[in-house]
Each structure stands twice: as C-alpha cells, then as structure tokens.
Amino acid sequence: MIYFIISIIGALGMGILVIFIRLKAQNYPVNEKKIILPPLFMSTGALMYVIPYFRLTGMEIIEAVILGIVFSSVLILTSNFIVKSNQIYMKPSKAFPFILFGLLIIRTIIKIIFSNAIDPGELAGMFFLLAFSMIVPWRIAMLLKYKKIKRKLQSNQI
C-alpha cells in the first residue's frame, strides 16, 4: 500500500513538473526538433515490454491506445502557434495548464480504480502505452501545424 501511495505522489509530482516545463517552453521559439524528439525519447520506455511482467493483452492495448488518442485530441485542440519576430512560438493558453493538470488527475483516478483489478506490471504497461498514444498524435498534429505556419512564413519572406 505504501508503494502505491508513493507511486501516486511521484506521478503527480512528475506531472506537475512537466506542466511547468511546458509552460516555460512557451517563452522560446519552437522548431521541428523540439516537436519530434520527446516522443522519440519516450519510445525507449517500450523496452519494458521485453519483460513479461509488463506485457499487455490485446484488449488492454486497444483500451490504452483509444484512451490515449481521446486525451490527445484535447491537447491537439489547445496547442496552437503564433509568429513573433519571424519566429514560431507556442501560443500561450490559460486553459493549457488546467487541461494538462486535469488529464493528470483523470489518469491518476483511473490508476487508483484499476489498481485493485489489474496487475501492477500490466497497469504500468497500460499507462505507458496510454501516455505514448497521447503524445504521438499530439506531436504529429503540432508538427503539421508548425510546418504549415513555417511555409507561410517562408513564402512571405521571399
């Protein structure tokens, strides 16, 4: 029980840290590398599935991916760019930190509910897949929006 509580506190702490990092990142110009690299770095976590303890059933995979895609749609809708001094920045949104925190709370509640019914290893595997299924579509959408704005910006400069 103590490990469960520590894991929830740790996850909330890491989530809050990520929210502050995302808010601070809005003060700096965006580039393709900053959009693409986070999912690539995160993908190394999939090595957990090499260990049988973390492997998922087909239904668990489907559930985690669908929930991740649903969560990503909220992020996609609220992530926009603006141009300042011929550079592209994330558009500051007052709702963005609340959305990230809300998603974090929802994920934590789901974890608490399912922690009694699903093995801890499978639950960890599901939540990694959920997070990965959330960040990949979001970052792809960001990259497409970024490239569109970059093309417009370059065509106006020529």
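1. Helices (H or I, at least four residues) and strands (E, at least two) are DSSP runs, numbered from the N terminus. This is a predicted model, in which local features need pLDDT of at least 70 and side-chain atom pairs count only at pLDDT 80 or more, while totals for chains, interfaces and linings use all residues. Residues are numbered from 1 along each chain as its sequence is written, and side-chain values use heavy atoms, with hydrogens and water left out.

2. Residues 95-114 are 100% helix and 0% strand, with 28 Å between the end C-alpha atoms, whereas residues 61-83 are 78% helix and 13% strand, with their end C-alpha atoms 39 Å apart. Both spans are among those that UniProt, in an unreviewed entry, lists as "transmembrane region"; such annotations may be inferred rather than shown by experiment.

3. Four aromatic pairs are found in the whole structure, a pair being rings of Phe, Tyr or Trp (its six-membered ring) with centres within 6.5 Å. Tyr-53 and Phe-54 are edge-to-face (planes over 60 degrees apart), at 5.2 Å centre to centre and 80 degrees between the planes.

4. The rings of Phe-81 and Tyr-146 are also edge-to-face, because their planes stand at 70 degrees, with the centres 6.1 Å apart. This pair links distant parts of the chain, since Phe-81 belongs to strand E1 (residues 81-84) and Tyr-146 to helix H5 (residues 120-157), 65 residues apart; both residues are buried.

Definitions and conventions:
Phe/Tyr/Trp six-rings, centres within 6.5 Å; stacked < 30°, edge-to-face > 60°. Buried < 20%, exposed > 50% of the residue type's maximum accessible area, 1.4 Å probe, protein only.
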